[in-house]
Amino acid sequence: MAATRTFSIIKPDATRRNLTGAVTKMLEEAGLRVVASRRIQMTKDQAEGFYGVHRERPFFNDLVSFMTSGPVVVQVLEGEDAVKRNRDVMGATNPADAAEGTIRKAFAESIEANSVHGSDSDENAKIEIDFFFKPEEIVG
Ligand code: CMP
């Protein structure tokens, strides 16, 4: 099967605890290659736009303030079946439900401060990659 791409965010709870390298190591060990990476301070507008599908959810405002509370690392990951591979190594959204060996089991603090985001489909991966990266910034 050909390599595909997905989008990942290392969230503020992880950057605050200096876990960027530790999280990336787990992604790499899962067979994913970082083909673009940038550390940014997300603006309120960016966070609201990125998480637009969750606008009506009760946790939306808290999610936006959390995602703008410190630096994040936005990444494009490449690998065989990248979306699923990434979601498998991330683990369940709620760390209480996350399996052993996953990033969220190892590092997440709560359902909100859950250390990583990953696209949930190939379609959304493309939308999310395009939200943060120009094609020439991705070098596979
Ligand atoms: P993420 O994959 O970044 O997409 C939406 C995020 O909302 C999700 O991860 C969670 O971190 C966050 N979130 C906060 N509260 C909740 C909740 N009650 N249910 C689901 N997601 C939540």
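Analyst: Begin with contact, which means heavy atoms within 4.5 Å. Note also that this is a predicted model.

User: Which residues does His117 touch, leaving out those up to four places away in sequence?

Analyst: His117 touches Phe7, Ser8, Ile9, Lys11, Phe50, Tyr51, Asn86, Met90, Arg104 and Glu128. His117 lies in strand E4, and its side chain makes a polar contact of 3.0 Å with the side chain of Glu128.

User: Is His117 buried or exposed?

Analyst: Buried means under 20% relative accessible area. His117 counts as buried because its relative accessibility is 12%.

User: How do I read the buried residues of a helix, for instance those of H5?

Analyst: An α-helix has 3.6 residues a turn, so residues three or four places apart point the same way. In H5, residues 82-90, the buried ones are Ala82, Val83, Asn86, Val89 and Met90. Viewed down the axis of H5, they fall within an arc of 140°, so they line one face of the helix. Their packing partners are strands E1, E3 and E4 and helices H2, H6 and H7. After H5 comes Gly91, with a positive phi near 90°.

User: Which residues surround the ligand?

Analyst: Among them are Lys11, Tyr51, Arg104, Glu112 and His117. An oxygen atom of the ligand is 2.8 Å from an N or O atom in the side chain of Lys11. For the side chain of Tyr51, the corresponding distance from a ligand oxygen is 2.6 Å. The protein covers 78% of the 450 Å² of accessible area that the ligand has on its own.

Notes: Residues are numbered from 1 along each chain as its sequence is written. This is a predicted model: local features need pLDDT of at least 70, side-chain atom pairs count only at pLDDT 80 or more; totals for chains, interfaces and linings use all residues. Side-chain values use heavy atoms; hydrogens and water are left out. Buried means under 20% relative accessible area, exposed over 50%, partly exposed in between (1.4 Å probe, protein chains only). Helices (H or I, at least four residues) and strands (E, at least two) are DSSP runs, numbered from the N terminus. The arc is that of the directions from the helix axis to the C-beta atoms. A residue is near a molecule or strand if one of its heavy atoms lies within 4 Å of it. A polar contact is a pair of N or O atoms within 3.5 Å; within protein, one must be able to donate a hydrogen and the other to accept it, and residues adjacent in sequence count only if both atoms are side-chain atoms. Accessible areas come from the Shrake-Rupley method with a 1.4 Å probe; for residues, only the protein chains shown count as cover.
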